[in-house]
Structure formats: C-alpha cells, structure tokens
2 protein chains.
Amino acid sequence: MDTEWLPQPDPAEIEIGKVLHALADPIRLQIVRLLDERGGGSCTSLPEVPVKPSTVSHHLRTLREAGVVASMVQGNARKSVLRDADLETRFPGLLTAILRAT
Amino acid sequence: MDTEWLPQPDPAEIEIGKVLHALADPIRLQIVRLLDERGGGSCTSLPEVPVKPSTVSHHLRTLREAGVVASMVQGNARKSVLRDADLETRFPGLLTAILRAT
DNA sequence: AACTAGCTACGATGATCGTCGTAATTATTG
DNA sequence: CAATAATTACGACGATCATCGTAGCTAGTT
C-alpha cells in the first residue's frame, strides 16, 4: 500500500506561536473543524470550504508545517488528519478549548 | 479618581477567531504574557517589548477589541489588564493552555 | 502506453497588517 | 499658566499572506 507521511515537526518541536498563527485564519479554522468532525479530509473532499482546491492545499500545508495536521500519501490519494493527541500532549486543553468554542 | 474603562466587547460577544488572531502575533503574545506575570501594564511600562510605544498602543488596542485585555484610564495614566476571568468563562482552558506553553 | 483523477508547486496579484514618526490630546506638576 | 509626561490618532511604508489559475507530477485504470 506504500503509505508514507509528509514531513512534519516532532511533537516536542511544535511551537505555540505557529499553532496560533495557523489557527488564526478563518478558513484554516473551518478546515480544522471539518477534519475533527470527519476524522480527516483532503483538498477535494471539503466542498463547503469556499476556496479553490489549490488554496485548500496551501492551507493544509500551513497546518502541517505548524504541527496541527498530519498528511499521509496512499497512491494518488492524500488524507490529512488532526494531530489531536500530539497537540493535547504538547499544549493540554488548547485544541479542545478551540474546537468547543461556538 | 475618575476611573473609566475603554469600550470592549461583552464576554458573550468575544469571538474565538478574533482572539486567535490577536494572539497569533508574537509581539502581542509577549505582551499578554507580561500582563499575566505583572497583573497589568501600559505602553511605556513594558520596555522589554522590542517595538515603539506607539506600536504597543496599537497592539493593546487590537487585544482590547478582541476582548483579550481591558484598559482603564486614571488621569494621564492607563493600565491594561488581562480579562482572564471573562476568557475562562467564554473559552474554558484556552488562555491557561496558551500561557502555560513554553 | 495512453488516459484520467487527485493533488501540489509555482508565479502573480491584491489586501491585510505590523511598524514607525509625528502631531495632538490629556492630566499632573512646578 | 507653562511645562512635562503618557498615550493615542493619523498617515505612510514595507512585508507578509490569502487567493487564484495554470502547469506539472504521481498513481491507478483501460
């Protein structure tokens, strides 16, 4: 199946500043909520996001480089998932508080 | 003493998006940490912040409009304090998680 | 091999924003 | 009243960034 992961920061190297910057954009926050609800997603599997797939790809990259999501490659399909466990370890309560907000 | 408060959003109207945007800037995050440590501050009482007082004023305004800080006027002196209680009510655990981060 | 689908890298553009200097305001002090 | 200190409003500039279109890549399919 040749599943590989795109490069991402180690849990200990996730920086609060980069995480906050990544979550500060409303589109990225919406993407994070959708990934949380559905357990993952990709550029073309989030049609309610009001930007083009190339822009979604850019946002997923930003989220991945910040340590918020992890992206796996399976053949020609990709899937991004929230790194909720890593974030909970690194910044306890942070992601929960944000996702719980109205 | 004629203490008055500058306009600020009600606790129920604080938006997570604006709070995250306000905290995403590294200078503003530093200001928030200093206000937390010292219980308050003003434009000229935060010399370790590497920007000019006029810029600190701008950041304090951004933080106040987002609902992160409250600013009081006493004569010619002003003092801004963290709205930690309001934030804890509105987004439980959020500020604590951020301030606890290394 | 050719073709299709999914995704991204790249370049460009327009908007937002962080920063600063200056001027103006306000209140306290001499 | 004059002077000083604290703070902000304003205008301007430079940088960052969100967005898009297109081209190119990879893997699976026919």
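Reader: What makes the pair formed by A:Lys52 and a phosphate oxygen of DNA strand D a polar contact?

Author: In this predicted model, a backbone N or O atom of A:Lys52 lies 2.9 Å from a phosphate oxygen of DNA strand D.

Reader: Which polar side-chain atoms lie 2.3 Å and 2.9 Å from a phosphate oxygen of DNA strand D?

Author: One belongs to A:His59, at 2.3 Å. Another belongs to B:Arg61, at 2.9 Å. Both values are within 3.5 Å, and therefore both pairs count as polar contacts.

Reader: What surrounds DNA strand C?

Author: DNA strand C is surrounded by 20 residues, the closest being A:Cys43, A:Thr44, A:Ser57, B:Arg28 and B:His59. Helix α3(B) gives the most to this surface, with 4 residues.

Reader: Why does B:Thr55, at 3.4 Å from a phosphate oxygen of DNA strand C, count as a polar contact?

Author: The atom in question is an N or O atom in the side chain of B:Thr55. Its distance of 3.4 Å is within the cut-off of 3.5 Å, so the pair is counted.

Reader: Why is the link between A:Arg38 and A:Glu48 called a salt bridge?

Author: Side chains of opposite charge can pair when their charged atoms come close. The side chains of A:Arg38 and A:Glu48 meet at 2.3 Å, N to O. The cut-off is 4 Å between a side-chain nitrogen of Lys or Arg and a carboxyl oxygen of Asp or Glu, so the pair is a salt bridge. A:Arg38 is in helix α2 of chain A, whereas A:Glu48 is in the loop between α2 and α3, 10 residues apart. Over all chains, the whole structure has 6 salt bridges.

Reader: How many salt bridges and polar contacts are found between chain A and chain B?

Author: The count of salt bridges is 0, while 2 residue pairs are in polar contact. Helix α1(A) gives the most to the side of chain A that touches chain B, with 6 residues. That side divides into 11 nonpolar, 4 polar and 2 charged residues.

Reader: What area is buried between chain A and chain B?

Author: The buried area is about 1,200 Å², and carbon and sulfur atoms give 75% of this. In chain A, A:Ile16, A:Leu20 and A:Ala24 lose the most area to chain B, together 34% of what that side buries.

Reader: Why are β1 and β3 of chain B called edge strands?

Author: The sheet of chain B is open and has 3 strands in the order β1-β2-β3, with antiparallel pairing. β1 (4-5) and β3 (77-82) each have a single partner strand, so one side of each is left without a neighbour in the sheet.

How values were computed
Residues are numbered from 1 along each chain as its sequence is written. Chains are lettered from A and ligands numbered from 1 in the order in which they are written. This is a predicted model: local features need pLDDT of at least 70, side-chain atom pairs count only at pLDDT 80 or more; totals for chains, interfaces and linings use all residues. Side-chain values use heavy atoms; hydrogens and water are left out. A residue is near a molecule or strand if one of its heavy atoms lies within 4 Å of it. A polar contact is a pair of N or O atoms within 3.5 Å; within protein, one must be able to donate a hydrogen and the other to accept it, and residues adjacent in sequence count only if both atoms are side-chain atoms. Helices (H or I, at least four residues) and strands (E, at least two) are DSSP runs, numbered from the N terminus. Two strands pair if DSSP finds at least two bridges between them. Buried area is the accessible area (1.4 Å probe) that two parts lose on being put together, summed over both. Ala, Val, Leu, Ile, Met, Phe, Trp, Tyr, Cys and Pro count as nonpolar, Asp, Glu, Lys and Arg as charged, and the others, Gly among them, as polar.
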